[in-house]
Amino acid sequence: MGGNDPHIHVEAKVVHADAAVRNLMASTFGLVGDLPSLVATGCGLRVPYAMTSPRPDRVTCLACREHARREHLRFAEEAERLSRMPGSTLSPEQGRLAADRHRALARRFSPDTES
Ligand SMILES: [Zn+2]
C-alpha cells in the first residue's frame with residue numbers, strides 16, 4: 001500500500017450510492033457532519049469518498065468495475081422479481097424499466113464494451 005492510489009473506485013453499495021439516498025439518510029438521522037470520510041469500495045479497500053464515483057465513465061479500478069457490473073445485474077433481477085410479487089408496490093412495468101436501466105449501466109461497466 002503506497003497510500004497514493006490514483007484509481008477511481010466504486011462504493012461497495014454502488015446501487016444505493018446516489019445522492020438522494022445520502023440526503024435522505026442525512027436529514028433523517030442528522031448525520032450531515034458525520035458522514036464517513038472513508039468508504040468501503042467494491043475491491044475491498046477503504047478510500048476517501050472523493051476517490052469514488054458511481055459513473056461508468058469515471059471509474060478506473062478494474063476490480064471495482066467488475067463489482068459494479070455484478071451489482072447492477074443483481075439489482076436488475078431483484079427489481080424484476082419484486083415487481084412480479086403479489087402486492088408489490090412496484091408494477092411489472094416499473095420493474096422492467098428499473099431492470100433495463102441497471103442492465104444498461106452494467107453494460108457500461110463491462111470491460112468488453114469499451115467504445
Ligand atoms: Zn477499486
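1. Length of α3. The model is a predicted one.

2. Sides of α3. Gly95, Ala99, His102, Leu105, Ala106 and Phe109 are the buried residues of this helix. Around the axis they cover an arc of only 125°, and therefore sit on the same side of α3. That buried set packs against α2. On the face turned away from the buried side, α3 carries the exposed residues Arg101, Arg107 and Arg108.

3. Overall layout. The protein has three helices and two strands, and from the N terminus the order of elements is α-β-β-α-α. Of its 115 residues, 29% are buried. Taking contacts between residues at least 6 apart in sequence, 68% join residues at least 24 apart.

4. Zinc donors. Four atoms coordinate the zinc ion: ND1 of His9 and the SG atoms of Cys43, Cys61 and Cys64, at 2.0 to 2.3 Å. The angles among these four donor atoms run from 106 to 114°, and the site is tetrahedral. Angles between 85 and 135 degrees are what the tetrahedral label requires of four donors.

5. Spacing of the donors. Along the sequence, the donor residues follow the pattern H-x33-C-x17-C-x2-C. Cys43 is in the loop between β1 (38–40) and β2 (46–48), while Cys61 is in the loop between β2 and α2 (62–83); the pair therefore ties together parts that are 18 residues apart in sequence.

6. Is Cys43 buried or partly exposed? Cys43 has a relative accessible area of 30%, so this residue is partly exposed. Cys61, in contrast, is at 8% relative accessibility and so counts as buried. The cut-off for buried is under 20%.

7. Arg65. This residue is found in helix α2. Is Arg65 buried or exposed? With a relative accessible area of 8%, Arg65 is buried. A polar atom of the Arg65 side chain lies 2.8 Å from the backbone oxygen of Val59.

Note on methods. Residues numbered from 1 in each chain as written. Predicted model: local features only at pLDDT ≥ 70, side-chain atom pairs only at ≥ 80, totals over all residues. Heavy atoms only, no water. Donors = N, O, S within 2.8 Å, 3.2 Å for Na, K, Ca; no water. Tetrahedral: all angles 85-135°; square planar, octahedral: opposite > 155°, others 65-115°. Helix = DSSP H or I, 4+ residues; strand = E, 2+ residues; numbered from the N terminus. Buried < 20%, exposed > 50% of the residue type's maximum accessible area, 1.4 Å probe, protein only. Polar contact = N/O pair within 3.5 Å; in protein donor to acceptor, adjacent residues only side chain to side chain. Arc of directions from axis to C-beta. Contact = heavy atoms within 4.5 Å.
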